[in-house]
Amino acid sequence: MTLQPQPVDRTLWFEAALLPDGWAQDVRIGVAGGRIVSLETDVARSPADEGGGVALPGVANVHSHAFQRAMAGLTEARGPSDDDFWTWRELMYRFLDRGGPEEIEAITALAFMEMLEGGFTRVAEFHYLHNDPSGAAYSDRAEIAARIVTAAQATGIALTLLPVFYAHAGFGGQPPAHGQRRFINDLNGFADLVAQCQILTADLPDAVVGVAPHSLRAVSPDELTAMPSLAGDGPIHIHVAEQTKEVTDCLAWSGARPVEWLLANAPIDPRWCLIHSTHVTEAEWRGVVARDAVVGLCPITEANLGDGVFPAVDFTRAGGRFGIGTDSNVQIGVAEELRMLEYSQRLALRGRAVMADPERSTGRALFDRALAGGVQATGAASGLSVGASADIVSLDTSGVAFAGRSGDAVLDSWIFGAPTGSIRSVWRAGREVVKDGRHIARDGIEARYRKALSAVLG
């Protein structure tokens with residue numbers, strides 16, 4: 001098969017590639033202007049071709065708090081009482097007492113770089129650090145948003161920027177707590193921030209701007225009503241039902257569970273991504289399926305924080321859509337998140353290959369669903385097809401973990417059997433940003449991160 005050829009800047013050749021209609025062999029992809037302009041299969045490699053290995057479309061990370069990457073490994077000591085999400089949150093608030101724009105930019109760049117090295121080519125950054133450490137507004141309301149954009153430019157990752165509206169400490173419009181002072185905004189200020197984010201990203205290739213009402217704890221019903229119009233055509237993300245305490249508090253406030261309340265009171269549609277949705281009833285998740293919304297699952301963070309396990313098997317069998325995110329960024333990688341998702345379901349159900357279906361292996365089913373859910377949740381297409389952005393991940397299949405594998409078994413081996421570092425190269429908009437498993441700007445990004453971390457922890 002050969003699609004209509006177009007002038008190309010470079011050609012990439014792969015032993016195999018996962019195309020929208022399935023696996024193909026000996027694939028040449030022509031790239032121009034950051035997009036795929038030609039695609040051939042069953043062709044021999046030519047001397048001018050770059051690339052190699054097995055090509056996959058880049059996956060979107062649907063949920064990230066990049067600044068939390070610097071906390072990884074620093075919250076694993078038990079306090080005087082039982083530890084849970086809420087005690088972790090207090091540690092996170094204390095962490096925010098330090099760190100200005102320079103430090104946040106450096107930490108964000110490190111996280112974005114590691115996402116690319118882990119196979120993510122787009123990130124939905126759930127951005128709620130708006131104020132300085134004292135809680136005062138920066139003279140430029142979009143100061144930290146601009147730093148996130150700069151970090152995306154420095155690393156090359158595609159950005160879906162989700163400025164977060166956060167106004168309250170709990171259900172019923174409770175006054176914000178001291179630890180939340182860097183997050184707080186009002187509707188007028190937030191509208192200005194969204195508009196500035198649109199300006200900041202205007203020249204960033206393929207950038208998308210949406211909005212993120214933080215949670216039903218942090219946003220009143222009237223404030224939530226304003227969010228869809230502020231989002232325009234962009235996505236709308238919200239934390240919901242992550243913790244059992246959130247469910248009981250919502251019941252006490254409204255008489256309904258969080259997802260139940262959203263379905264009854266908000267215009268949930270395909271633009272919405274419900275982050276976590278861990279504690280849901282069957283009626284709730286079926287309501288999400290009926291609205292064609294996406295659930296944003298962050299399996300590693302949800303395990304790290306002891307959140308619980310979302311009923312992903314029943315949800316997907318009923319047609320539910322999910323994307324994967326790295327949330328607190330304790331570890332970063334497509335394969336790692338998908339592995340944790342499958343294993344958490346196996347532990348809950350005491351079965352094997354529970355996310356597979358009759359047509360697809362476990363790895364293929366997980367990858368396909370995460371790819372499609374990520375596209376919907378971040379508002380940007382992905383895939384190896386003519387006209388698409390050239391966001392391509394190549395696996396180094398020369399290692400013994402891939403010996404004798406082809407087709408879906410390559411994905412299964414990558415997710416469940418291969419060592420870390422199996423990603424060979426990553427192209428983002430046609431530019432090779434990861435080469436031989438390492439980001440091309442890693443040394444400088446890492447040096448700035450070390451300096452920032454010294455300032456934050458010192």
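S16 and S17 pair in the antiparallel sense over two bridges. Two strands count as paired if DSSP finds at least two bridges between them. Helices (H or I, at least four residues) and strands (E, at least two) are DSSP runs, numbered from the N terminus. The model is predicted: local features need pLDDT of at least 70, side-chain atom pairs count only at pLDDT 80 or more, and totals for chains, interfaces and linings use all residues. Residues are numbered from 1 along each chain as its sequence is written, and side-chain values use heavy atoms, with hydrogens and water left out.

Stay with S16 and S17. Valine 434 faces histidine 439 in S17. The two strands form a hairpin with two residues between them. In that turn, aspartate 436 has a positive phi of about 55°. Now step back to strand S15 (residues 423–428), which pairs with strand S16 (residues 431–435) in the antiparallel sense over four bridges. Arginine 428 stands opposite arginine 431 in S16. S15 and S16 also form a hairpin with two residues between them. Its turn holds alanine 429, with a positive phi of about 55°.

Alanine 17 has alanine 55 in S4 as its bridge partner. Strands of a sheet pair through backbone hydrogen bonds, either parallel or antiparallel.

Next, the domains. Domain bounds come from an automatic or database domain assignment. That assignment gives domain 1 (10–56 + 384–444) and domain 2 (59–378). Their centres, taken over C-alpha atoms, are 28 Å apart. The contact (heavy atoms within 4.5 Å) takes 26 residues from domain 1 and 30 residues from domain 2. How much area do domain 1 and domain 2 bury between them? The value is about 2200 Å², with 58% of it on carbon and sulfur atoms. Buried area is the accessible area (1.4 Å probe) that two parts lose on being put together, summed over both. In domain 1, Ile415, Phe416 and Arg428 lose the most area to domain 2. Together they make up 30% of what that side buries.

Now the rings. The structure holds 15 aromatic pairs. Rings of Phe, Tyr and Trp (its six-membered ring) pair if their centres lie within 6.5 Å; planes under 30 degrees apart count as stacked, over 60 as edge-to-face and the rest as tilted. Phenylalanine 67 and tyrosine 128 form an edge-to-face pair, 5.9 Å centre to centre with 85° between the planes. Phenylalanine 67 lies in the loop between strand S5 (59–64) and helix H1 (85–95), and tyrosine 128 in the loop between strand S6 (120–127) and helix H3 (143–155), so the pair ties together parts that are 61 residues apart in sequence. Both phenylalanine 67 and tyrosine 128 are buried. Buried means under 20% relative accessible area, exposed over 50%, partly exposed in between (1.4 Å probe, protein chains only).

A second pair joins tyrosine 343 and phenylalanine 416. Their ring centres are 5.7 Å apart and their planes at 40°, so the pair is tilted. Tyrosine 343 lies in helix H12 (residues 334–349) and phenylalanine 416 in helix H14 (residues 408–416), so the pair ties together parts that are 73 residues apart in sequence. Tyrosine 343 is partly exposed because its relative accessible area is 34%. Phenylalanine 416 also counts as partly exposed, at 25% relative accessibility. Arginine 346 lies over the face of phenylalanine 416, at 5.5 Å from the ring centre. A charge sits over a ring if NZ of Lys or CZ of Arg is within 6 Å of the ring centre and within 35 degrees of the ring normal. Elsewhere, ring pairs link Phe67, Tyr93, Phe126, Tyr128, Tyr166 and Phe183 into a cluster.

Last, two loop residues. Alanine 241 has a positive phi, near 55°. Its place is the loop between strand S10 (236–240) and helix H7 (244–254). Alanine 241 is buried, at a relative accessible area of 0%. Aspartate 327 has a positive phi of about 50°. At 4% relative accessibility, aspartate 327 is buried too.
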